[in-house]
Amino acid sequence: MTRAFRYAVDEALASLWRGRQSGLLSTSTIALALFILGGFLFVTSNLDRLGSEWGSTAEMSVYLNDDVTPEQRKAIEQTFASRAAIVDSEYISKAAAVARFKETFGDLGTAIDTVGGNPLPASYEVRWHSGSGEQVEMDRLGAVLRRTPGVADVRYDREWIGRLLTTVNVVRGIGWVLGSLLTVAAALTVANVVRLSLYARRDELEIMQLVGAPTAYIRGPFVMEGLLQGGIGAIAALVALAIGFLVLRARYLTPLASAVNLSAIRFLPVELSAGLVVGGMLVGCLGGLVAAWHLTDS
Amino acid sequence: MIRGRAPGPMIETHHLSKLYNRGVHALRDLSLKVDKGDFVFLTGPSGAGKSTLLRLLLREELPSEGVLRVGGRELVALTASQVQAYRRTVGFIFQDFRLVPRFTVFQNVAFVMRVLGVAQIVQQRKTFQVLRWVGLQHRMNAYPEELSGGEQQRVAIARALVNEPHLILADEPTGNLDPDLALEIMNLFREINARGTTVLVATHDRELIRHVGRRTIALEHGRLVEVA
């Protein structure tokens, strides 16, 4: 088996070198397909992290009327205390709200002074245990609080996170559909290129079949050729993605991360990168198999 | 390369027929026997069915009817992997040599063992031995296009022999050679046969057959017409 493997690798490398122009075509097709798929995976993996980071710090904001009484506040705090899912709650006074606004928006923060008076309401920021049933519980508490005297409005991030997750799924779906179509096209290109090298070696193949060479020796080089094309294409796609990431990171990605409150925009995780390379090799392997399938119909 | 001559038939056909799609009967009701260790000529005019019989014996095609056994094995019943195993016991030689142009003489012969997974050191030793036997050890680094027709056919014979087959099948092996070279090639076949290998040579060259003087099976229109 080792000899058959070595024979397949030797012959595949020699064949790739001989047919390097057509090989470049199929390798580029695979690289393009995986670059696009990898690009979508890059976007969705960061959107996933965004959802996760937003989710882990999600809070419910309970805005109070300006004329809220101490009794009403006490009743609201008792409502929080009765909920086991709530980790803690913090009262933000109107003055504290203004101070935070100025801190967050820097130079623009002073604009609030021109409005006259303090337009920002006092509020409670409520943090939750994340877990199953959280959304239902939040909806339920939100409904109770909206009916509670002294409460002006209730807002929570879950709706945004839900929308974000829907967007992630749509983007991921588009990525998979587009990636799959391009992958099929890449596999067909590999199959055709491997068929060309098969045609170039038809005299050897005839001899191999007549002397009873094992199937591994007959098909192996073509499958290996496809596999190598796929692997090289996938690595080229990853390198192109990495270069694109490095070029864009300082100028665009870091400010974008900061704007959307994400710790950092990261490159594809190792398992996805490895998955792309393995996927590319499998696609190439499939193309090689398709091309060489009929070779042992003795 | 010396083989024992265990008694029994090497090739056996019973009522063998081959009908092609267009209704052409290449072989009709052919029954014959070639014993182990025999040297037999298969002769007849073009279209007599010689090449068809060789293709059936190589298991490149299947008969339409009848029985075809080689070395006691029913060829029709072989699975794909059994066909591969069977072909490792048969050497083939064609009129047009069918050498790989981009391989040297040495590589053409060693290729057979290479694709059968034989260790490299064994490949080298046996290739050199068989090239010396056919008298081409001095040309082992040459490419086929640099060789004469007779030399190319000797390379093809070396390639057929290197795997130590039980049976050699040759389809018009001297068809592209002048009479002197043809006799030289026939002498090689006689030597191969003297070592115990069964040899079946298809040729329409009656003069060559008369000169070599071996058993002859004559076909015409796919039928057996004479055994001499």
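Author: In chain A, take the contacts between residues at least 6 apart in sequence: 89% of them join residues at least 24 apart. A contact here means that the C-beta atoms of two residues, placed from the backbone, lie within 7 Å. This is a predicted model, in which local features need pLDDT of at least 70 and side-chain atom pairs count only at pLDDT 80 or more, while totals for chains, interfaces and linings use all residues. Residues are numbered from 1 along each chain as its sequence is written, and chains are lettered from A and ligands numbered from 1 in the order in which they are written.

Reader: What share of the contacts in chain B with a separation of 6 or more comes from residues 24 or more positions apart?

Author: Take the contacts in chain B with a separation of 6 or more. The share from residues 24 or more positions apart is 72%.

Reader: How many helices and strands does chain A have?

Author: Helices (H or I, at least four residues) and strands (E, at least two) are DSSP runs, numbered from the N terminus. From that end, chain A runs α-α-β-α-β-α-β-α-β-α-α-α-α. The secondary structure comes to nine helices and four strands.

Reader: What percentage of chain A counts as buried?

Author: A residue is buried if 20 or more other C-beta atoms lie within 10 Å of its own, exposed if 12 or fewer, and partly exposed in between, with C-beta atoms placed from the backbone. Chain A has 298 residues. The buried part is 30%.

Reader: And which percentage of chain B is made up of buried residues?

Author: Chain B has seven helices and 10 strands. It has 228 residues. Buried residues make up 40%.

Reader: Which element gives the most to the side of chain A that touches chain B?

Author: The contact takes 16 residues from chain A and 19 residues from chain B. On the chain A side, the elements that give two or more residues are α1 (2–18) and α7 (202–210). The element that gives the most, with six residues, is α7(A).

Reader: How do the residues on that side of chain A divide by class?

Author: Ala, Val, Leu, Ile, Met, Phe, Trp, Tyr, Cys and Pro count as nonpolar, Asp, Glu, Lys and Arg as charged, and the others, Gly among them, as polar. The side of chain A that touches chain B divides into nine nonpolar, three polar and four charged.

Reader: What do the buried residues of α7(A) pack against?

Author: In α7(A), E204(A), I207(A), M208(A), Q209(A) and L210(A) are buried. These buried residues pack against α8 of chain A, together with, in chain B, α2 (80–87), β6 (90–94) and α3.

Reader: Is α8(A) roughly parallel or antiparallel to α9(A)?

Author: Axes are lines fitted to C-alpha atoms, for helices over the stretch in contact, and angles run from 0 to 180 degrees between N-to-C directions. Helix α8 (residues 215–259) and helix α9 (residues 270–292) of chain A pack at about 150 degrees, with their axes 7 Å apart. Angles under 35 degrees count as roughly parallel, over 145 as roughly antiparallel, 65 to 115 as roughly perpendicular and the rest as oblique. So α8(A) and α9(A) are roughly antiparallel.

Reader: How does α3(B) lie relative to α4(B)?

Author: Helix α3 (residues 105–114) of chain B packs with helix α4 (residues 120–133) of chain B at about 130 degrees, axes 9 Å apart. The residues of their contact divide into eight nonpolar, two polar and two charged. The angle therefore makes α3(B) to α4(B) oblique.

Reader: Which residues touch the most other members of the largest nonpolar core?

Author: A nonpolar core is a set of buried Ala, Val, Leu, Ile, Met, Phe, Trp, Tyr and Cys residues joined through C-beta atoms within 7 Å. The largest has 68 residues. The residues that touch the most other members are L42(B), V109(B), A158(B) and L169(B).

Reader: Is H15(B) buried or exposed?

Author: H15(B) is in strand β1 (residues 9–19) of chain B. Its phi is positive, near 50 degrees, in a residue other than glycine. Because H15(B) has 12 C-beta neighbours inside 10 Å, it counts as exposed.
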